[in-house]
Every structure is written in C-alpha cells, then in structure tokens.
Amino acid sequence: MLFDAGKNVVEIYAFQGNGRLRNLGEPLTLTGHVGLSLDGKRIYGFGPIIPKDINFREARNQLKKSAFAGQLSDDTNFFKKVACGFYNRGQIELDLYKLTVPINEQTYLNIIEEIRTGGIGAFYKFPEKGDKNFPPNTYNCATFWEKCGVQLPHQSGFLEEYIPAMVRQGAERVKK
Amino acid sequence: MLEQDEIQPIRIVLTYLAGRWRANQNNTVQAKEIVKHYNELLCFLINTGWNEGLSLEAELPDELMPQEYLALLDMDEV
C-alpha cells in the first residue's frame, strides 16, 4: 500500500473494558483496547507481553501496578469478536467505536515501521496520574500511536476519557 | 439511582485516583489516603444501585478494592 496524500487516514478502534468479564479469561475484555488500521482490514494493537509463568489473576493484579514489555499484534479477529458481541454477558456489553483520523506521509511511514518491528522495545503500562502519565518509552494501547505522530482523541491515555473524546470527535459505533 | 451523566464523572474520578495510586504506590502515607478516598467513592456509587463494573485501569489491586465491589464481581463467578 502506498501513501496517497489527501486521502490517507487511519482508523482508530476502541472499546472500554469491564472487570465483571473476568471469568472469560481474556485480559483485553477487562482492560479495554485500542487498535489502529491503515487499510480498514487489519487492526493492530499495542499490549503487554504477559510472562508465561504467571497466571491470569496474577497478571491482572500486576497490570494494575507495574510496567510490562510491550508488543504490537494483529488484533483484527479480537476486534471483530467485540463488534459482534461475542464477549457480551447479560447487561455487560462492550461497545466498539471507530474514529477516522487524517495522517501525513511521515506518520504513515512511522506506522509501517512500528508494525514491521512489532513495537518491540516499548513498554506497556496503565496511565498514572502525576506530573507525567507515562515514564519514558512507555505507553498503553491508547497512547502508543502518538509515537508515530497520530493525533490522539485524548492525551491522558485513560480510556474512560479517550472513548468519550472519540465520540465527541465523530466516532461511529461498530456493530456486526 | 444515579443517571448515566451523573455516574460518568464519578467513574473518571475513580480512574484518576487509581492512576494516582499507581504513581504513589511506594509512598505509604499518600497511597493509604488515596485508597481511603477511592473506597469511599466506589462504595457510595455501589450504594446508589450502580453495578456495571469498572475497567482494569480504574481498579486498584484486588487486595485494596472494597468488599462491596469484589462481591459484585463474585456475582459473575460460574
């Protein structure tokens, strides 16, 4: 795919997680997730590399406290499942939103490079609330793409603010 | 029962308190104070009848969450 000035946009996909879905054993349904698509087909997301020797409960608690090595992964199928309500349980529903954001050529190239290298070298952490929300070279799924130059809907990284900001900026609900 | 537009600001404060706890978890005095305020606010929300659940970024580690919230999660145990 080549950059086409004037046409090029990315799609940001995001949903808010819910702790009441912990029985599903799928961490992203608890944290919520943000992904980015260059072509409207593949959606990539930044997340933690959870060490294999810690169990789900431990991982859940560690995520609330500390940073993990991070990676980019192709999360297309996961987002598709969210869109079709696969993870919904009773009154708990995950609402997926999509926002289209314009990008320039350099941002496009940066994104391509991050996808190529799998985001390796960056760290994943939930945002803090202090002088700075993230230590250097540390992101969550919502803020990772800023390092490529993508204009984020909201700067704090808290999905509780990020998703309402997407909606205010014209995001549409994705439901299949 | 609170309306959604009344609940949302409370959820944001809880999220920020959890974020502030992460930034201050090694400062015992400050961390304790944050946990106290967080628990009071979350219990207030639950006592209004709210039972929707929070995302992980808005939660404290399980051992610091109020029993009332953990009981909500237990309702979903299978």
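Buried area is the accessible area, taken with a 1.4 Å probe, that two parts lose on being put together, summed over both. In this predicted model, about 2700 Å² is buried between chain A and chain B. Carbon and sulfur atoms give 48% of that area. On the side of chain A, the residues that lose the most area to chain B are A:Arg20, A:Lys64 and A:Glu160. Together they account for 29% of what that side buries. The interface brings 29 residues of chain A into contact with 30 residues of chain B.

Salt bridges also link the two chains. Seven are found across the interface of chain A and chain B. Over all chains the count comes to 15. A:Arg22 forms a salt bridge with B:Glu59, with the closest N and O atoms 3.9 Å apart. This pair crosses between chains. A:Arg22 lies in the loop between strand S1 (9-16) and helix H1 (27-31) of chain A. B:Glu59 lies in the loop between H2 and H3 of chain B. A:Arg22 also forms a salt bridge with B:Asp62. Here the closest N and O atoms are 3.6 Å apart.

A helix pair contributes to the contact between the chains. The axes of helix H5 (residues 159-168) of chain A and H1(B) come within 9 Å and cross at roughly 135°. H5(A) and H1(B) are therefore oblique to each other. From H5(A), the contact draws on A:Glu160, A:Glu161 and A:Pro164. From H1(B), it draws on B:Gln8, B:Arg11, B:Ile12, B:Thr15 and B:Tyr16. By class, the residues of this contact are three nonpolar, two polar and three charged.

Helix H1 spans residues 4-24 and helix H2 residues 28-47. Their axes come within 10 Å and cross at roughly 160°. Because angles over 145 degrees count as roughly antiparallel, H1(B) is roughly antiparallel to H2(B). The crossing is left-handed. H1(B) supplies B:Ile7, B:Ile10, B:Val13, B:Leu14, B:Leu17, B:Ala18, B:Arg20, B:Trp21 and B:Asn24. These meet B:Gln30, B:Ala31, B:Ile34, B:Val35, B:His37, B:Tyr38, B:Leu41, B:Leu42, B:Phe44 and B:Leu45 in H2(B). The contact has 15 nonpolar, three polar and one charged residues.

H2(B) has a further partner in chain B. The axes of H2(B) and helix H3 (residues 67-74) come within 9 Å and cross at roughly 50°. That angle makes H2(B) oblique to H3(B). B:Leu42, B:Cys43 and B:Ile46 in H2(B) meet B:Glu68, B:Tyr69 and B:Leu72 in H3(B). Five of the residues in this contact are nonpolar, none is polar and one is charged. B:Leu42 takes part in the contact with H3(B) and in the contact with H1(B).

Key. Residues are numbered from 1 along each chain as its sequence is written. Chains are lettered from A and ligands numbered from 1 in the order in which they are written. This is a predicted model: local features need pLDDT of at least 70, side-chain atom pairs count only at pLDDT 80 or more; totals for chains, interfaces and linings use all residues. Side-chain values use heavy atoms; hydrogens and water are left out. Axes are lines fitted to C-alpha atoms, for helices over the stretch in contact, and angles run from 0 to 180 degrees between N-to-C directions. Helices (H or I, at least four residues) and strands (E, at least two) are DSSP runs, numbered from the N terminus. Angles under 35 degrees count as roughly parallel, over 145 as roughly antiparallel, 65 to 115 as roughly perpendicular and the rest as oblique. A crossing is left-handed if the near helix is turned anticlockwise from the far one by less than a right angle, and right-handed if clockwise. Contact means heavy atoms within 4.5 Å. Ala, Val, Leu, Ile, Met, Phe, Trp, Tyr, Cys and Pro count as nonpolar, Asp, Glu, Lys and Arg as charged, and the others, Gly among them, as polar. A salt bridge is a side-chain nitrogen of Lys or Arg within 4 Å of a carboxyl oxygen of Asp or Glu.
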